[in-house]
Every structure is written in C-alpha cells, then in structure tokens.
Amino acid sequence: MAEGQIVAGFLAPHPPHLIYAENPPQNEPKAECGWEVLRWGYERLRKDLSKIDYDVIIVHSPHWQTYVGTHFLGVPHFKSLSVDPVFPNLFRFHYDLNVDVELAEAIHDESKEAGLVVKMMRNPDFRVDYGTIISSHLTNPSWDKPIVSISSNRSTSYYNVDVMQEKMVELGQATRRAVEKSGKRAVLLSSCSLSHRHFTTEAEVPEDMSREHIYHHGQYLWDMKIIDLAKRGCAREIHDIMPEFIEQAISETDAGSLSWLLASLDYPTMPAELYGYGSVIGTGNAVMGWIPETAEAKQ
Ligand SMILES: [Fe+2]
C-alpha cells in the first residue's frame, strides 16, 4: 500500500451564518445574501481543492465538547437535523454524512498509544455537532467524501492553555502517523474562528451587512498578526503565541483545533494561502490553508 499523506490543511471557520447565506437545499431558513467575502473565500478554497485527489476529510471541532478525553465519531452513517442552539433562526440543517470509521479508529489507536485519553463514539443516534457539519459542508458541499470528526477535549477550560497545547501536539502527530499508515490522502480542517468576541444582539435582518463590522480594533490586530505569520510560513510562531492570542482575542482556537492542525502538518514553512477574512457578528474569521503538494510542484 502506498504511504498515505495529509494533502491539505485548512482553517475552516464555521459560523452558521455562512450556510444560511449560501442557501443550500439542506438548510431550512433562507437568506437574500450576506458575508460574501468569506463565502467567496470558501469558493476559492473549493476551486483549489478540486485540483487535488483526496479520500477523506478530517475535522476537529470546538462544538463537540468532551471533557474526558478526545472522542471520534465511530458510526459509519449519520442522518438527522442539526439546529444551532444560538441561531435556530439561521441554521436548521438536514445532514446525511458518512464516516471513515477505519481511519477514525486508527487515529484513536495512535493517540492512545501516545498516552492520550481517547474514546470511539458508537451511539448511532448521536447528533453530530454543527461545527463539524458547517466546516465540512463549506469545504465539500457535495458530501461525496467520508469524514472523520474529532472532538475538542476543552483542556484550556478544564486545565489550562499549556495542557491544551501539549495534548494537541500529541493528537496532531498521532493524526499524521495514522494517515500515513492508512495509505489514504486526507484533507484536514480546523473548524474555528480567530478572534471571537461577538455582538449580543442581532439585526432585524440577519444578513443586513450594514450592521456587520469588526468588534474591537485590538482583536482585529491580533487576527492580522496570526494571518501575517501564516502567510509568511511561520506556523511554529503561531503555535508559540497561541496562549497569548487565546487570552487577548478570546479566540475560538482555545478549543485546540488550530494547534492540532499545525502539529498535524508538522508546522509548515510554506506560506499559507489566504482565501478570505471577514467578521461574522463581530468575530474574526480567516479561510486559509496549506496545500503541500502545490508547494512541491512550484519548486
Ligand atoms: Fe463556534
């Protein structure tokens, strides 16, 4: 069997507003428009991804929160309705997805061997979290590839940010080892925003873009700092300043998704491709990523 590899890794934020504004048939609420820069960014991501052969999407989501260890979806097929608890007016999504259970088990086993507390989630009635669903949909709306979904252990909240960082390094390395042994070509998604302070009231028309803006200049500067480092190929530095970023920008990266992605990619030194940046209810969101093969092809 040929050696598997991670063929791309993306920061793929999951505001439900992006699905709402996109009007896919699976979502009940319908919008006129909204958050175009981010949605056009995802369009460009999909265009780049369409040039790459891959077998599976692996997503780490802040909205599957497991306080005892890291969990993996372990049932081959899920079909149900996902309703955003905060925005039920925007996101009522009928999902129908397949899971690569074999690869999920392989990452589970590698992680266990590395000393992490892990568990396969075998409940067929489990409701898949909306972070996993939204990032997966925006990356691959045809849902023609299976996914592996990894929970967030929330160790930043339960222990501290340094514990989170250490665990995500282990989890990322285990993910990479499992992918390589599997012979599969995997696309990884870190399902999270950057700065995450947000509005507490909603416009009468949610997609009224005259109401959408950056929440706080200091948090915007932090987002620009992270994007600048990514564009300059300084992934290791992003890992190193993650604790300060999380504290100063109330970042959703506290869930570990981006730390896991960077570790899985072994801290790429190639420049990240920035597909788009924009605010959603004031939170900062970057759609960007690394496609190692394109870097090799250019050399
Ligand atoms: Fe979120």
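The protein contains ten helices and ten strands, taken as DSSP runs (H or I of at least four residues for helices, E of at least two for strands) and numbered from the N terminus. Its radius of gyration is 18 Å, close to the 19 Å that the globule rule gives for 299 residues, so the protein is as compact as a globular protein of that length; the radius is taken over C-alpha atoms, and the rule is 2.2 Å times the number of residues to the power 0.38. The model is a predicted one, in which local features need pLDDT of at least 70 and side-chain atom pairs count only at pLDDT 80 or more, while totals for chains, interfaces and linings use all residues. Residues are numbered from 1 along each chain as its sequence is written.

Along the principal axes, the C-alpha trace spans about 55 × 40 × 40 Å. Of the 299 residues, 49% count as buried, that is, with 20 or more other C-beta atoms within 10 Å of their own, the C-beta atoms being placed from the backbone. Among contacts (C-beta atoms, placed from the backbone, within 7 Å) with a separation of 6 or more, 82% involve residues 24 or more positions apart.

S7 runs parallel to strand S2 (residues 56–65), and five bridges join the two; pairing requires at least two DSSP bridges. One of the bridge partners in S7 is Ser152, which partners Gln65.

Helix H6 (residues 161–182) has 22 residues and reaches 31 Å from its first C-alpha to its last, close to the expected 32 Å, which is 1.5 Å times one less than the number of residues. After H6 comes Gly183, with a positive phi near 80 degrees.

Key:
A residue is buried if 20 or more other C-beta atoms lie within 10 Å of its own, exposed if 12 or fewer, and partly exposed in between; C-beta atoms are placed from the backbone. Two residues are in contact if their C-beta atoms, placed from the backbone, lie within 7 Å.
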